[in-house]
Amino acid sequence: MNQLHIVMYHYTRDLKHSRYPEIKGLEVALFREQIEFLKTNFQIVTMEEVIAACFREIDLPEKAMLLTFDDGYIDNYTFAFPILEEFGLQGSFFIPGKTFVSHQLLDVNKIHHILAVADIRDLVTDLKKEMDYYRGQEYAYPPTEELFQKYGVANRFDSGEIIFVKRMLQTVLPERLRNQISSKLFTKYMGITEEQLAYELYMTEEQIRTMKRRGMFIGVHGYDHYWLGNLTPEQMKEDISRALDALDEFIDRQCWVMNYPYGNYSQEVVRYIKTQGACVGLTTEVRAAQIGKDESLLLPRFDCNDFPPKSENYLIKQGE
């Protein structure tokens, strides 16, 4: 049985000098410090080695560690990628197809950036007004305060108010209404167009190609970054099919790696991706993975905030 720590990154940037310093990301100086810590205290392995271990072809070294990056952000290319190369390490990058095929802003990033600039009390008030306005016109959903009580529950990173905004605009409200409201709030708070931010935010196809050529691993993160487990079977299969087609150049269609957006999946999702060639899958369950014991399509991951210099939370959940 091989223990594997998997760490997940999102934004890695010079936050202080960025356009949105309040975005929840890892400062590049802290990223470098963390990579130094991980390289000193763990054996950082490649995704190819993890796949081989899942097939029982090799054993992973003691204190094995895998580095993963979600969402295809440009700052992963401009800041994280050079540091990984400097240390001689591989990162695994999971890129939603929509970000580089049609250069459209993902809903998840629309929400991240609104949250980074808006006062959360004002934002919650605006969102509730929009929900009350549209209810009963062409959309049906429970009373706003009932939804707030159900979904406005803090987690280990966000307040209840922030979770409420995320859940309403990510998955709870009907998709077309989510798009309407989030675009309206984006226009009110952001001061730039969605298209402008999309072209600033994500890697291009050529940048992805460069990373692949230089030894980085590229994996699948859906096409539209949906909560896959909440979709109908037809919608789920369409999203995964579009993602595989978009990433065809960068993946092995016979053995590719799935990273579930939001860590959300269902048994139907798992069964389907297995039929399509997925050999490893990554969740957001927080603990060390046990290769050979854990289902290879449901491997848990830590957040980068679980390791020094941010914290030592990883010590609490080594491998239960």
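This report looks at one helix pair and the cysteines of a predicted model.

Local features here need pLDDT of at least 70, side-chain atom pairs count only at pLDDT 80 or more, and totals for chains, interfaces and linings use all residues. Residues are numbered from 1 along each chain as its sequence is written, and side-chain values use heavy atoms, with hydrogens and water left out.

Let's start with the cysteines. Taking a disulfide as a pair of cysteine sulfur atoms within 2.5 Å, the count comes to one. The partners are C255 and C279, with sulfurs 2.4 Å apart. The torsion about their S-S bond is about 90°, so the disulfide is right-handed. C255 sits in the loop between α12 (233-246) and β8 (256-259), while C279 belongs to strand β9 (residues 278-282), so the pair links distant parts of the chain, 24 residues apart. Helices (H or I, at least four residues) and strands (E, at least two) are DSSP runs, numbered from the N terminus. C54 is in no disulfide, and its nearest cysteine sulfur, that of C279, is 7.7 Å away.

Now the helices. α5 (residues 107-117) and α9 (residues 175-190) pack at about 35°, axes 10 Å apart. Those axes are lines fitted to C-alpha atoms over the stretch in contact, with angles running from 0 to 180 degrees between N-to-C directions. On the α5 side, the contact (heavy atoms within 4.5 Å) includes H113 and I114, and on the α9 side L185 and F186.
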